[in-house]
Amino acid sequence: MLLVVVEGSVVGVFVVGRVRVRMVPGGDVVEVDVGGVVSVRELLRRLGLSVQGYVVVRGGEVLTEEDVVSPGDELEVYRVASGG
Amino acid sequence: MHQGVKCSICGEKAVAIIRYARLRLCKRHFLEFVERKVERAIRRYGLVGRGDRVVVAVSGGKDSSTLASILAKLSGKLGYKLYLLYIDLGIPVYSKANREKVVELSKTIGKPLIVVDVKEVLGLTVPELAFKVRRPVCSVCGVVKRYIMNAVAVELKASALAMGHNLDDLVAYVLKEFFNQNLEQISKLGPRTGSVEGLAVGRIRPLYEVYERESLLYVLLSRTPFLPDECPHVRRGTMEFKIKELLDSLEESFPGIKFGLMRRLAKNLESYPKPSQKLSRCKACGLIASGELCSFCKITKQALGEPMGARVREYIRRKILELGLD
Ligand SMILES: [Zn+2]
Ligand SMILES: [Zn+2]
């Protein structure tokens, strides 16, 4: 949620419902509208990715599928399978 | 709002949920869990002994970084010496970036690093070599890497060459070879392969029981230097990738099924047919071959007019002396 405050009083409220996801490897950035707080499991589902095939990291910290992410979070999503 | 799940052992915040083992682990206990698996595999399959020299080929990727880091940790306790090897293939951007990463890795874990620069010794990078002999880069790359890894291990008088293959890689190879009914190839996919005195150093796979996801989590959680970038020559959509996807959905329904297969395979390896190919000594370089010349000497002779194996061995001996590792 983003409050717009002018001279001490709230003049506007925006609900920013997006998380920013950077895919690793590749570096593609995707924004996902999650609405509110959702589990990592749910986030991956919305990205069309499997829970076991990816690892989600926020600010250098590894999250489990049961952890939650919130609008405004910046995440890195690592693909587990690497080639070569 | 819940705070996430807690560690099954200590109650701290969990960072990994291990379904097949019914465990939820915090960072500390997860790292220990993976390290124990590697130690157990080393003991169970007799991969290294006290006083051994072990070479680990590092690429800068997650698996070899996990492997090098854990082997470094266990080296004191198990009494072996560890050497890192990086082969600079000369793949634009990719090889340099990974080279810097393994230099950092070597410093972080405190083990010596030998760098073999293919362009420096052959005058050609691997893609250039592949172009000259009109073969796919990945197949030439495989020949060059296998040759250099073995040559370094031989020159260092190492008893084992440690490979970073994880459990998921190995299950996919086994299945691919099964579909092709190359049962002799499956016999080589165990936790270790034998040495051939003076010609070839045996390979060990200490990550035999470590899932690919666990390997990625390990480097992330332990902050071991690695690069997630993929080689630009890697091709998706190959049979191996499709098999991996298939196996992932099987593992999703039956957690632990991959682990079970590899455990049973390790017990059954003896009953698989062995490759019947006769082994010989390369006439040009003296290392293992299946005919007159080894594959590396054949390719370099074709590209440069002269087999380069002996030259590479000399280059490696010089590097070993320079680094004071002899
Ligand atoms: Zn714990
Ligand atoms: Zn040769």
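Author: Buried means under 20% relative accessible area, exposed means over 50%, and partly exposed lies in between (1.4 Å probe, protein chains only). This is a predicted model, in which local features need pLDDT of at least 70, side-chain atom pairs count only at pLDDT 80 or more, and totals for chains, interfaces and linings use all residues. Residues are numbered from 1 along each chain as its sequence is written, chains are lettered from A and ligands numbered from 1 in the order written, and side-chain values use heavy atoms, leaving out hydrogens and water.

Reader: What makes Arg22(B) exposed or buried?

Author: Its relative accessible area is 76%. The cut-off for exposed is over 50%, so Arg22(B) is exposed. Arg22(B) sits in the loop between β1 and β2 of chain B.

Reader: Which class does Gln181(B) fall in, and how do you know?

Author: Gln181(B) has 44% relative accessibility.

Reader: What is the phi of Arg22(B), and what is that of Gln181(B)?

Author: Arg22(B) has a phi near 50°, a positive value in a residue other than glycine. Gln181(B) is not a glycine either, and its phi is positive at about 55°. Most residues other than glycine have a negative phi, and most peptide bonds are trans.

Reader: Where is there a cis peptide bond?

Author: Between Val24(A) and Pro25(A), with omega about -5°. Pro25(A) belongs to the loop between β3 (18–24) and β4 (29–33) of chain A.

Reader: What else does chain A hold?

Author: One helix and nine strands. Their order along the sequence is β-β-β-β-β-α-β-β-β-β. Chain A has 84 residues, and 38% of them count as buried.

Reader: How do you know that α13(B) spans what a helix should?

Author: The helix covers residues 309–322 of chain B, 14 residues in total. The expected span is 1.5 Å times one less than the number of residues. That gives 20 Å, and the end C-alpha atoms are 20 Å apart, so the two agree.

Reader: Which residues of α13(B) are buried?

Author: Gly309(B), Val312(B), Arg313(B), Tyr315(B), Ile316(B), Lys319(B) and Ile320(B). Down the helix axis they fall within an arc of 160°, so they line one face of α13(B). The arc is taken from the directions of the C-beta atoms as seen from the axis. An α-helix has 3.6 residues a turn, so residues three or four places apart point the same way.

Reader: What lies on the face turned away, and what covers the buried side?

Author: Leu321(B) and Glu322(B) are the exposed residues on the face turned away. The cover of the buried residues includes β5 (113–117), α4 (118–122), α6 (137–155) and α12 (295–304) of chain B. Just past α13(B), Gly324(B) has a positive phi of about 65°.

Reader: What about the zinc ion (ligand 1)?

Author: Cys7(B) (SG), Cys10(B) (SG), Cys26(B) (SG) and His29(B) (ND1) coordinate it at 2.0 to 2.3 Å. Cys7(B) comes in the segment before β1 (16–18), while Cys26(B) is in the loop between β2 (23–25) and α1 (27–44) of chain B, 19 residues away.

Reader: Why is His29(B) called buried?

Author: Its relative accessibility is 9%, which is under the 20% limit, so His29(B) counts as buried. His29(B) is part of helix α1 of chain B. Beyond its neighbours within four places in sequence, His29(B) is in contact (heavy atoms within 4.5 Å) with Cys7(B), Ile9(B) and Cys10(B).

Reader: How many disulfides are there?

Author: Zero, over all chains. A disulfide here needs a pair of cysteine sulfur atoms within 2.5 Å.

Key. Helix = DSSP H or I, 4+ residues; strand = E, 2+ residues; numbered from the N terminus. Donors = N, O, S within 2.8 Å, 3.2 Å for Na, K, Ca; no water.
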